[in-house]
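Me: I have a protein model open and I'd like to learn how to read it. Could you walk me through a few features?

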Amino acid sequence: ALLAVGLALLGGLTLGVLSGFAGGRVDAVIMRVIDVLLALPGLLLALAIVTAIGFGTLPVALAVGVGIIPGFARTTRAEVLRVKTLPYVEAARLGGASWLQTLWRHILPNAWGPVTVLATLDFGAAILATAGLSFLGFGAAPPAPEWGTLIATGRHFLITAPWVALLPGVFVVAVVFSLNHLARTLEEIQR
C-alpha cells in the first residue's frame, strides 16, 4: 500500500502541478486523460493492469497506484489553481521571481495540505484494494503474509476455526478506520 500511494502521489503531483501551472491546452489534454481514468473504477483498472503485467506483490502495488493517480492529479490541480491566483504569488512574480521559483517557494508548499489528507485516505483505500486483489489470488503466493491472502486461506476454515479468517479481517478494518480518523484529524488541523 505504501508503494501504491507513493507512486500515485508522485504521478498525481506531477500531472496536477503540470496541468494547473501550465494551463491552456496542456491542462485540457491532461484533464481529459484523467477524466477517462476516473470513469473506470479503480479496482477494475487495477485488476486489468495486474492481469496484463502479472501477479505478485509489486504488480499489485503498481496497479493500485495507477488506479488512484487521478484523485491526486485532480486535487493537486485544484489546489495549484487556487494558490496560483493568491496575491502573494502575484507579488512574488512582480518582485522578479521566476515561474520555477514561484512554484517551489510559494505554490507547492501552500497546495500540499489537501494532498496529504488525500494521501492518508488513499492509503486506507490502497490497503483495501491490495487486500481485495490478494484475496482474489492476484497477490503474492500463499506463504507470503498478505492480509487478503490470509483471509482467502482462512475462509476454508470458517466453521472449524473462524479466527483464521476473522483476525486478518479485523486488522484490515482497524487499520483502515485508523487511517480515516487520522485523515479527518489532519483535515481539521489544517482548517
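This is a predicted model: local features need pLDDT of at least 70, side-chain atom pairs count only at pLDDT 80 or more; totals for chains, interfaces and linings use all residues.

Me: Where do Asp-35 and Arg-32 sit relative to each other?

Reply: Helices are DSSP runs (H or I, at least four residues), numbered from the N terminus. An α-helix has 3.6 residues a turn, so residues three or four places apart point the same way. Here, Asp-35 and Arg-32 are three residues apart in helix α2, which puts about one helical turn between them.

Me: Which parts does the pair Asp-27 and Arg-77 tie together?

Reply: Their side chains form a salt bridge at 2.7 Å, N to O. Asp-27 belongs to helix α2 (residues 24-39) and Arg-77 to helix α4, so this pair ties together parts 50 residues apart in sequence.

Me: Is Asp-27 buried or exposed?

Reply: The cut-offs are: buried under 20% relative accessible area, exposed over 50%, and partly exposed in between (1.4 Å probe, protein chains only). Asp-27 is buried because its relative accessibility is 12%, and Arg-77, at 19%, is buried too. Thr-160, by contrast, is exposed at 62%; you'll find Thr-160 in the loop between α7 and α8.

Me: What span should helix α4 have?

Reply: The expected span is 1.5 Å times one less than the number of residues. Helix α4 (residues 57-84) has 28 residues, so it should span 40 Å, and its end C-alpha atoms, 39 Å apart, agree with that.

Me: Where in α4 is there a kink?

Reply: The bend at a residue is the angle between axes fitted to the seven residues ending there and the seven starting there. In α4, a kink of about 35° lies at Ile-68, shortly before the proline Pro-70.

Me: What is Thr-130 in contact with?

Reply: Contact means heavy atoms within 4.5 Å. Setting aside neighbours within four places in sequence, Thr-130 contacts Val-60 and Val-64. Thr-130 itself lies in helix α6 (residues 99-135).

Technical notes: Residues are numbered from 1 along each chain as its sequence is written. Side-chain values use heavy atoms; hydrogens and water are left out. Helices (H or I, at least four residues) and strands (E, at least two) are DSSP runs, numbered from the N terminus. A salt bridge is a side-chain nitrogen of Lys or Arg within 4 Å of a carboxyl oxygen of Asp or Glu.
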